[in-house]
Amino acid sequence: MNYEPIGVNLRRFRSALGMTQEQVAATAGISRVAYRNLETGVSAPRVETLHALAKALEVRLQDLVSPAAELRHVRFRSFRRLNTREQILIAVERWLRGFNELEEILDDRVEYTLRGIGTAGRSAAEAADQVRAKFGLRSSEPVRDICGLLEANGIKVLPLKIASDAFFGLSVAGEDGGPGVVVNTWDRISVERWIFTAAHELGHLVLHLDDYGLDQKDEEERQEREANVFAAHFLMPPGVFDKEWEETYGLAFVDRVLKVKRMFRVSYRTVLYRLSEANRFGTGVWRRFQGEYQRRHGRTLLKDDEPEALASDAFRATFPESSRAGEPEDLSPADFMEDRLLRLVRRAVESDTITLARGAEILGISLQDMRQLSASWVG
């Protein structure tokens, strides 16, 4: 028997767990010298020792004795160095291997509908429209279940909890058993971010497949920006986004952003990003939103905050066909405001047809609240 793969795997799995030789040996109930000889290939392991080592390293016996497989065509970049990088790659490789094995055994593979898609010369936004069309999404249709949508089009999806806000996700090309998308579903990362990450990694698969490689670990600003644009347009098509934004015309700015965010199941940051793209808004929308939010709640939103966040089961959720397209079932007070009346009041106030006091009277709010509402109107 060739024992070299065992030594390689022992070293690989041990390093991924951050364990020393002494720790693995102690957990498996053997001496450090005995373990060292196994890892270096000097000694041949006994069956019971292999079982003990597999248990100590939290892997299957098959993983320990099979030739090591490494992902090479992968896009795995993070904001900063990750101690768990190797461990994540091992977990993803195992997942893909098992996934493909089942597909082969059951003769049940889903065709990758984006194979050979040509995006050369297209902007990220145009590529998003092209992918939506390939997926059979109508231009006015929000993405209700991104996991189901990706999987129905031949892209494997793995939710993986990693206690780090430096890593949101990765993607694997077809050469390594993909295409696949991995999303960090740690509970301190919002569900909206999970959804956006899945769309973001889809953008990389479509736009940057030639740049996949394990050796590249640092984020490349231009490509990250393109993937963000792709995700924002994929989740919120321009036509329906503009329509839904105009439907909220009479609401206060914060309420407008939060209502649209719930409609498309995205982060408030994604809505602000889309608004900042338009020349009529510019980058000032970020300051305006934070300023109004602080006046209303007495604090600004921190990096990990997501107001009116989705529940975790929304990552794999669908809406009844009878419901308004994409309208969440969990509504907030802003959803019960009379949008048409608010729009009419705004138009009348802005054209000096009525006074602010009359507007407050019509809406049944105080003059102070009316002043705050009118001050928050944007676009």
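Phe 76 and Phe 167 are both buried in this predicted model. They also pair up: their ring centres sit 5.0 Å apart with the planes at 55 degrees, so this one goes down as tilted.

A second pair worth a look is Phe 135 with Phe 234, which is edge-to-face. Phe 135 belongs to the loop between helix H7 (124-134) and H8, while Phe 234 is part of helix H10 (residues 221-235), so the contact ties together stretches that are 99 residues apart in sequence. Phe 135 has a relative accessibility of 9%, and therefore counts as buried. Phe 234 comes in at 0%, so it is buried as well.

Here are the two pairs side by side:

| Pair | Centre to centre | Angle between planes | Geometry |
|---|---|---|---|
| Phe 76 and Phe 167 | 5.0 Å | 55 degrees | tilted |
| Phe 135 and Phe 234 | 6.1 Å | 90 degrees | edge-to-face |

The whole structure holds nine aromatic pairs. Elsewhere, ring pairs join Trp 245, Phe 253, Tyr 268, Phe 289 and Tyr 293 into a cluster.

Now for the cores. The largest nonpolar core has 62 residues, and Phe 135 and Phe 234 are among the members that touch the most others, along with Ile 146, Leu 202, Leu 235, Leu 275 and Phe 289. Helix H9 (residues 191-207) supplies the largest share of this core, nine residues. Apart from that core there is another of 18 residues, including Leu 10, Val 24, Leu 53 and Val 59.

With 1% relative accessibility, Ile 155 counts as buried. Beyond four places in sequence, Ile 155 is in contact with Tyr 112, Phe 135, Leu 150, Pro 179, Gly 180, Val 181, Leu 202 and Leu 205. Its C-alpha atom is 9.3 Å from that of Leu 114, which is 41 residues apart from Ile 155 along the chain.

Next, the sheet. Four strands make an open sheet in the order S1-S3-S4-S2, and the pairing is mixed. Strand S1 (74-75) and strand S2 (156-160) are the edges, each pairing on one side only. Strands S3 (residues 169-172) and S4 (residues 180-184) run antiparallel and are joined by four bridges, with Gly 169 partnered by Val 183 in S4. Helix H9 packs on this sheet, touching S1, S3 and S4, and its direction makes about 150 degrees with that of S4.

Finally, helix H2 (residues 21-28). Its buried residues are Gln 21, Val 24, Ala 25 and Ala 28. In general, an α-helix has 3.6 residues a turn, so residues three or four places apart point the same way. On the other side of H2, Ala 26 and Thr 27 are exposed. The buried residues of H2 pack against helix H1 (4-17), helix H3 (32-39) and helix H4 (47-56). After H2 comes Gly 29, with a positive phi near 80 degrees.

Note on methods: Residues are numbered from 1 along each chain as its sequence is written. This is a predicted model: local features need pLDDT of at least 70, side-chain atom pairs count only at pLDDT 80 or more; totals for chains, interfaces and linings use all residues. Side-chain values use heavy atoms; hydrogens and water are left out. A nonpolar core is a set of buried Ala, Val, Leu, Ile, Met, Phe, Trp, Tyr and Cys residues joined through side-chain atoms within 4.5 Å. Buried means under 20% relative accessible area, exposed over 50%, partly exposed in between (1.4 Å probe, protein chains only). Helices (H or I, at least four residues) and strands (E, at least two) are DSSP runs, numbered from the N terminus. Two strands pair if DSSP finds at least two bridges between them. Contact means heavy atoms within 4.5 Å. Axes are lines fitted to C-alpha atoms, for helices over the stretch in contact, and angles run from 0 to 180 degrees between N-to-C directions. Rings of Phe, Tyr and Trp (its six-membered ring) pair if their centres lie within 6.5 Å; planes under 30 degrees apart count as stacked, over 60 as edge-to-face and the rest as tilted.
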